[in-house]
Amino acid sequence: MEIVNSCEANNGGCSHMCHHTSSGPVCTCNFGYRLEEDQKSCTDINECDTGSHCCQQDCYNYPGGYECSCHAGYRLSTDGCGCDALNISQGKEPTHPPVPTQLIMDGN
Ligand SMILES: [Ca+2]
């Protein structure tokens, strides 16, 4: 009897990855996805709903991952999770420092 790779046909019915075993195909999912009850389909994990996210403020779910964002007046920390308050007085500070007069006067 020929040994058949149970994953060969139609990827074993798996949405993502298939692993051949003696008892048939075993499906696994890519990172950020979970296996459905049918043991074949993969569905995105909504980290924002499951509470497995690290976001200090806002959380946005997307297929295969999630992203944090911050409220107005805050900036996302380099860790991608926390939010740092921006210390800017509303509209008072110039975007660029004033150019020194000496640099403008090209005397020589
Ligand atoms: Ca997700």
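Mentor: Two strands are said to pair if DSSP finds at least two bridges between them. Strands (E, at least two residues) and helices (H or I, at least four) are DSSP runs, numbered from the N terminus. The model before us is predicted: local features need pLDDT of at least 70, side-chain atom pairs count only at pLDDT 80 or more, and totals for chains, interfaces and linings use all residues. Residues are numbered from 1 along each chain as its sequence is written.

Trainee: What makes S5 and S6 a pair of strands?

Mentor: Strand S5 (residues 58-62) and strand S6 (residues 65-69) are joined over 5 bridges in the antiparallel sense. Pairing requires at least two bridges, so the term applies. Within this pair, Tyr-60 stands opposite Glu-67 in S6.

Trainee: How many residues lie between S5 and S6 in their hairpin?

Mentor: There are 2 residues between them, and Gly-64 in the turn has a positive phi of about 90°.

Trainee: How do you know that S1 and S2 pair?

Mentor: Strand S1 (residues 17-21) and strand S2 (residues 24-28) share 5 bridges, in the antiparallel sense. Met-17 stands opposite Thr-28 in S2, and the two strands form a hairpin with 2 residues between them.

Trainee: Why does Gln-39 count as exposed?

Mentor: Gln-39 has 12 C-beta neighbours inside 10 Å, and because the exposed class covers 12 or fewer, Gln-39 belongs to it. Gln-39 sits in the loop between strand S3 (33-35) and strand S4 (42-44).

Trainee: What is the phi of Asn-10, and what is that of Gln-39?

Mentor: Phi is near 55° in Asn-10 and about 65° in Gln-39. Both values are positive, although neither residue is a glycine. Most residues other than glycine have a negative phi.

Trainee: What percentage of the protein counts as buried?

Mentor: Of its 108 residues, 8% count as buried.

How values were computed:
Buried ≥ 20, exposed ≤ 12 C-beta atoms within 10 Å, placed from the backbone.
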